[in-house]
Amino acid sequence: MYETNYHRASSVDEAARLMGDAGEGKYLAGGMTLIATMKQRLAAPSDLIDLRHIGSMKGITVNGRNVTIGAGTSHYDVASSDALKAVCPALCHLASHIGDPHVRHMGTIGGSVANDDPAADYPSAVLALNMTVRTNKREIAADDFFVGMFETALEEGEIIVSFSFEAPDKAAYQKFPNPASRYAMAGVFVAKKGSDVRVAVTGAGSNGVFRHQGMEAALKAAWAPDALAAVTVDAGMMMADIHGNSDYRANLVKVMAKRAVAAAG
Amino acid sequence: MTKVTLTVNGRKVSGECEDRTLLVNFIRENLGLTGTHVGCDTTQCGACVIHMDGRSVKSCTILAVQASGSDITTIEGISSGDTLHPVQAAFKENHGLQCGFCTPGMVMTAVDMIRRHGGQLDEQTVRQELEGNICRCTGYHNIVKSILSAADEMGGAQQAAE
């Protein structure tokens with residue numbers, strides 16, 4: 001690892017100030033991607049601004065059907081929240097399948113979403129649950145947040161503070177993990193609220209997480225796995241690598257979507 | 001150099017290190033506690049698992065400065081004197097190790113797993129929970145057996161105490 005300078009922030013404002021003073025700074029959430037990347041010398045921030053000790057960024061609030069999750073909340077805390085499980089068990093299920101138990105104890109929802117790895121699980125939930133991403137500067141709608149692989153609407157120095165959404169009537173997430181890395185080769189989050197249906201796909205798209213309008217329309221017409229039978233997933237939009245070509249991934253997306261609808265009930 | 005202060009196995013310790021020093025290196029080199037191992041460069045193997053503030057973490061993917069102020073338990077801190085922790089005893093009894101390199105991480109993972117699941121552990125859950133720990137000798141069979149045996153033992157001991 002290259003040399004770096006560590007700073008611990010105790011508030012969001014302090015973190016933003018520290019970042020302003022840093023040269024090539026990076027915010028450090030759980031560090032489960034960033035530290036691993038720095039170890040490989042694939043990242044070399046001059047300064048690390050640690051967000052892990054900012055109390056106001058942690059915790060889950062459920063008020064009726066309205067959910068707010070602090071960006072600093074760990075995957076483990078999302079997975080094991082009884083309050084969240086009562087209104088949106090699909091999100092707990094998703095969090096419980098990220099990485100491994102040790103990674104889930106450190107990794108955070110804010111860190112994962114800000115990093116926007118094309119094979120990460122959380123971005124699909126943010127899109128499908130139509131979350132509002134609150135930062136230290138503004139609120140960003142999920143549909144405006146994800147720009148491309150590892151690229152979001154976040155500006156220089158902007159910090160995600162929390163996520164909020166209204167719990168859906170039905171939702172589920174199903175992924176096909178790469179047998180070695182366990183990252184999603186295709187992960188599909190489906191959510192139904194009233195007559196609205198949102199379907200978000202991660203792991204497969206060549207431009208990162210995306211919504212699939214064709215599947216959304218089919219599921220609006222009939223909420224059933226078979227409703228997806230006639231929908232075409234365009235292989236031209238899919239990633240291709242040694243683990244699977246784009247036709248294979250396009251097929252996986254459809255299979256995962258069907259399984260998700262079946263799991264949502 | 002930055003001063004790092006930790007409580008390790010119940011003892012307050014401090015030392016100086018670079019900001020880029022990994023917690024596992026601080027534990028091994030500054031504190032001389034070499035039971036915590038480094039088995040890979042990629043956060044995959046779990047040989048470095050310790051407990052930080054009561055939760056299992058990979059000490060190879062946390063900076064020592066990030067951990068400063070926290071309460072750490074390493075493999076050296078779980079037995080009581082000469083009496084092995086029930087998980088250590090179960091690994092010994094069930095031949096849950098061969099070369100032993102992954103064992104400290106496996107044991108610390110198992111202690112955390114049993115804490116979280118209590119008496120609810122079954123073989124499938126144990127195998128899923130071992131996602132972050134790699135063993136190249138045993139084929140995992142006897143590790144799973146050891147953890148289930150320890151969970152039974154500890155569950156039984158808790159019931160007896162109630």
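## A buried arginine

Arg104(A) sits in helix H6 of chain A, which covers residues 101-106. Helices here are DSSP runs (H or I) of at least four residues and strands are runs (E) of at least two, numbered from the N terminus. Arg104(A) is buried but has no salt bridge. Buried means under 20% relative accessible area, exposed means over 50%, and partly exposed is in between, with a 1.4 Å probe and protein chains only. A salt bridge needs a side-chain nitrogen of Lys or Arg within 4 Å of a carboxyl oxygen of Asp or Glu. For Arg104(A), the nearest side chain of opposite charge is Glu129(B), 4.7 Å away. When it comes to charge, Lys and Arg count as positive and Asp and Glu as negative, while His and the chain ends are not counted.

So what does Arg104(A) touch, leaving out residues up to four places away in sequence? The list is Ser74(A), His75(A), Tyr76(A), Ala95(A), Ser96(A), His97(A), Ile98(A) and Gly99(A). Contact here means heavy atoms within 4.5 Å.

## How to read the model

This is a predicted model, where local features need pLDDT of at least 70 and side-chain atom pairs count only at pLDDT 80 or more, but totals for chains, interfaces and linings use all residues. Residues are numbered from 1 along each chain as its sequence is written, chains are lettered from A and ligands numbered from 1 in the order in which they are written, and side-chain values use heavy atoms, with hydrogens and water left out.

## A sheet and its helices

Chain A has an open sheet of four strands in the order E11-E12-E13-E14, with antiparallel pairing. Strand E11 (170-177) and strand E14 (210-211) of chain A are at the edges with a single partner strand each, so one side of each has no neighbour in the sheet. Two strands pair if DSSP finds at least two bridges between them. Strand E13 (residues 196-202) of chain A is joined to E14(A) by two bridges, and the two run antiparallel. Which residue in E14(A) is the bridge partner of Val201(A)? That would be Phe210(A).

Helix H10 (residues 213-221) of chain A packs on this sheet, touching E13 and E14 of chain A, and its direction makes about 145° with that of E13(A). Helix H11 (residues 246-264) of chain A lies across E11, strand E12 (184-193) and E13 of chain A, running at about 40° to E12(A). For these angles, axes are lines fitted to C-alpha atoms (for helices, over the stretch in contact), and angles run from 0 to 180 degrees between N-to-C directions.

Most residues other than glycine have a negative phi. Asp116(A) is not a glycine, yet has a positive phi of about 50°. Asp116(A) sits in the loop between helix H7 (109-115) and helix H8 (122-128) of chain A, and counts as buried at 1% relative accessibility.

Over in chain B, Tyr140(B) also isn't a glycine and has a positive phi of about 70°. Tyr140(B) is in the loop between helix H5 (123-129) and helix H6 (141-161) of chain B. Is Tyr140(B) buried or partly exposed? At 22% relative accessibility, Tyr140(B) counts as partly exposed.

## Where the chains meet

Between the chains, 28 residues of chain B are in contact with 30 residues of chain A. The area buried between them is about 2400 Å², with 54% of that given by carbon and sulfur atoms. Buried area is the accessible area (1.4 Å probe) that two parts lose on being put together, summed over both. Arg20(B), Arg55(B) and Gln66(B) supply 28% of the area that chain B buries against chain A, more than any other three residues.

How many salt bridges are there between chain B and chain A? The count is three. Glu131(B) forms a salt bridge with Arg182(A), with the closest N and O atoms 3.2 Å apart.

## Salt bridges within the chains

Over all chains, the count comes to 16 salt bridges. Glu155(A) pairs with Arg138(A) in a salt bridge, the closest N and O atoms being 3.9 Å apart. Lys220(A) and Asp196(A) form a salt bridge too, with closest N and O atoms 3.9 Å apart. This pair links distant parts of the chain, with Lys220(A) in helix H10 and Asp196(A) in strand E13 of chain A, 24 residues apart.

In chain B, Glu123(B) forms a salt bridge with Arg127(B), with 2.9 Å between the closest N and O atoms. Glu123(B) and Arg127(B) are four residues apart in helix H5 of chain B, so about one helical turn separates them.
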